[in-house]
Amino acid sequence: MREWPGNWHAEQSPNQAAGSGEVNEGYVSLVAKKVFAAALFAATALTSTMASAETLFGALTKAYQLNSTLNYNRAGVRVTDENVPLAKSGYRPTVGATGSIDYSSTEGSTRLTTGGFGVQINQMLFDGFQTRNNVRAAEAQVRASQESLRNQEQNTLFDAASAYMDVIRDRQIAVLTERNLQFLTEQARAARSRFEVGEGTRTDVAQADASRLLAIAQLSAARAQAATSEATYQQVIGDAPGKLQPGQPLSKMLPKSMDSAVAMAAAEHPAIIATQHLVDSSAFAVKSAEGAALPGVTANAGVSRNYRNTEGGIGLSDGTYNSASIGATLTIPIYTGGAVSARVRQSKESLGQARIQVDVTRDQVRQAVVSAWSQYVSARENVSANSEQVAAQELALNGVIEERNVGQRTTLDVLDAQADVISAQIDLVGSQRDVVVASYAIVSAMGELTAERLGLQVAIQRPQEHYDAVKNKLGGFKTPDGR
């Protein structure tokens, strides 16, 4: 059988004792004020061993380092960095060497041997400013990719916080569900005992057994959901969850009002900044496409050494001789079949699309801030309401049990009251999770959910360092990390 964190086989609760007719007023007060506060955190093992339990910030640190999707995107940024030296290569000369040797024989025993080698240099002098605009477009793409990576890092940290709180919530629900099963098992036993002594009916026994069997199914589903959340946790954070300490909302990082959060997001969210850089890249791409319609000038120079030898005949040009050449080529495009003009129009449409994407992203960010803020406010109110509801439902349950014991209520009334209690407890666990997750959602939607702002104890990834290392490289096959 799978072992689950927390106290899965707790001692009999006051409710269970009440099921056998041993309830008193002290237990009612105790349950209302203390028992369920402890139950809601049982799955996180709040004992003397909590010092070694995982914290939410510890999980975020692991996700920042180990998340495979995030590392994949970091590699993608390094790939984009290489577009800048690729574009700058248009400024630089190309140098090539050639060599050849040929041997031929003809009828009459004439044999001819020729050979040579040389070096050719080509240098672009003017290409309609295409290289300059290509370089600027590539640099804008790098800035956009860096902002997109920053956005991905924030999304990953938010996913990690959500996965962490989901595990806590689902483990707590599993604990509560098992306690519910223990209570209903005791109720079924008590109903059967009363029936055997003639104080109950067969219907009471059947109702208690039906509720117990339903609780078994609910416990199985709760354990399955907890296992699913643990798998998601490992996928996002890169490590299996152990004992988890309760998470806390980022209250200190939240602005005073929703309008302030929206304004901050509009100014600082990396997704918006990334689309603005893509607009710059598209604008330079238009200029580069227009440059293809302008004249181009290329200079070239070369030196070569050739050899010729004829055997069995007369070779007037036998021997070795050197040659050198230098020149320039002017290319003036007159008509290219419409390709250049089509590329220019296409680039302009891409520029328009990029500008629209800025507005789309800005609207998405604003919606995310408003949604997260509303959920945060609602969740805080739900925590207060659900806490009171749990206490009220627990008092009601104990009252119904007492009334059942004196014949004023039925077993069905007790079962209904217990169902209300477990529902209220689950609602409280969910609202506690929602408060924490919604606070992280607000900070993420504002563009502030970064490792630096959170104070994570981790080596910060700085993509600018790789870009600075490669942007002016003239050659070499090794990457900056030595691969």
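1. Of the 483 residues in the protein chain, 40% count as buried, a term that here means under 20% relative accessible area with a 1.4 Å probe and protein chains only. The model is a predicted one, in which local features need pLDDT of at least 70, side-chain atom pairs count only at pLDDT 80 or more, and totals for chains, interfaces and linings use all residues. Residues are numbered from 1 along each chain as its sequence is written, and side-chain values use heavy atoms, with hydrogens and water left out.

2. The protein chain has 13 helices and four strands, taken as DSSP runs (H or I of at least four residues for helices, E of at least two for strands) and numbered from the N terminus.

3. The largest nonpolar core has 45 residues, of which Leu60, Tyr164, Tyr233, Tyr440 and Leu454 touch the most other members; such a core is a set of buried Ala, Val, Leu, Ile, Met, Phe, Trp, Tyr and Cys residues joined through side-chain atoms within 4.5 Å. Helices that each supply at least two residues of this core include α3 (56–66), α6 (130–196) and α10 (339–405), while the largest share, 10 residues, comes from α11. Apart from it lies another core, of 12 residues, among them Leu181, Leu184, Ile401 and Ala417.

4. Tyrosine 233, setting aside residues up to four places away in sequence, touches Tyr164 and Val167, among others, where contact means heavy atoms within 4.5 Å.

5. Histidine 277 is found in helix α9 (residues 270–291) and counts as buried because its relative accessibility is 17%. Leaving aside neighbours within four places in sequence, histidine 277 is in contact with Ala140, Arg143, Ala144 and Glu147.

Conventions. Buried < 20%, exposed > 50% of the residue type's maximum accessible area, 1.4 Å probe, protein only.
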